[in-house]
Amino acid sequence: MLRFKVKELIADKEFNEERKVTISEVAEACNMNRMTLTKICNQKGYSTVTDNLDKLCHYFGCKIEDLILHVPTDQDD
């Protein structure tokens with residue numbers, strides 16, 4: 001299963017910029033629907049298009065491996 005680390009990236013951005021960063025702000029900056037970003041952040045196993053991942057990497061200035069973590073499951077055998 002893939003786990004998105006958007007919440008962690010938002011927390012890092014808040015710390016570095018010393019301000020609150022909302023999901024709505026990130027969604028708007030990435031030209032994404034807020035509900036889509038909320039699902040990426042909160043819904044276990046959510047699947048999204050690669051264009052959204054590209055936008056998030058650009059926004060956070062990170063690599064894809066900073067955004068996504070592969071979590072092995074029983075199905076990964």
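## Naming and loops

Helices, as H or I runs of at least four residues, and strands, as E runs of at least two, are DSSP runs numbered from the N terminus, and it is in these terms that E18 is placed in the loop between α1 and α2. The model described here is a predicted one.

E18 has a phi near 50°, a positive value in a residue other than glycine, and with a relative accessibility of 74% it counts as exposed, because exposed means over 50%. K20 lies in the loop between α1 and α2 as well, and its relative accessible area of 62% makes it exposed. Leaving aside neighbours within four places in sequence, K20 is in contact with E14 and E25, while its C-alpha stands 8.9 Å from that of I10, a residue 10 places away in sequence.

The loop between α2 and α3 holds N31, which has a positive phi of about 55° although it is not a glycine. N31 is exposed, its relative accessible area being 64%.

In soluble globular proteins, nonpolar side chains tend to be buried together. In this model the largest nonpolar core has 21 residues, and those with the most contacts inside it are V6, V26, L37, I40, L56, F60 and L67. Four helices, α1 (6–17), α2 (23–29), α3 (34–42) and α4 (50–60), each supply at least two residues of this core, and α4 gives the most to it, with 5 residues.

V6 shows how parts of the chain that are apart in sequence meet there: when residues up to four places away in sequence are not counted, V6 touches L37, I40, C41, L56, F60 and L67.

The buried residues in α4 are N52, L53, L56, C57, Y59 and F60. They lie on the same side of the helix, because together they cover an arc of only 165° around its axis. This buried set packs against β1 (2–4), α1, α2, α3, α5 (64–67) and β2 (68–70).

The face of α4 turned away from the buried side carries the exposed residues T50, D54 and H58. For D54, a residue of helix α4, the relative accessible area is 52%, and with the cut-off for exposed residues set at over 50% it is therefore counted as exposed. D54 and E18 are 36 residues apart in sequence, and their C-alpha atoms are 25 Å apart in space. Just after α4, the chain reaches G61, which takes a positive phi of about 65°.

## Packing of α1 against α4

Two packed helices are described by the angle between their axes and the distance between the axes. The axes of α1 and α4 come within 11 Å and cross at roughly 20°. Angles under 35 degrees count as roughly parallel, so α1 and α4 are roughly parallel to each other. Their crossing is left-handed.

At the level of residues, V6, L9, I10 and K13 in α1 meet L56, Y59 and F60 in α4.

T38 has its place in helix α3. At 19% relative accessibility T38 counts as buried, because the limit for that class is under 20%. Not counting residues up to four places away in sequence, T38 touches I23 and Q43.

Terms used. Residues are numbered from 1 along each chain as its sequence is written. This is a predicted model: local features need pLDDT of at least 70, side-chain atom pairs count only at pLDDT 80 or more; totals for chains, interfaces and linings use all residues. Side-chain values use heavy atoms; hydrogens and water are left out. A nonpolar core is a set of buried Ala, Val, Leu, Ile, Met, Phe, Trp, Tyr and Cys residues joined through side-chain atoms within 4.5 Å. Buried means under 20% relative accessible area, exposed over 50%, partly exposed in between (1.4 Å probe, protein chains only). Contact means heavy atoms within 4.5 Å. The arc is that of the directions from the helix axis to the C-beta atoms. Axes are lines fitted to C-alpha atoms, for helices over the stretch in contact, and angles run from 0 to 180 degrees between N-to-C directions. Angles under 35 degrees count as roughly parallel, over 145 as roughly antiparallel, 65 to 115 as roughly perpendicular and the rest as oblique. A crossing is left-handed if the near helix is turned anticlockwise from the far one by less than a right angle, and right-handed if clockwise.
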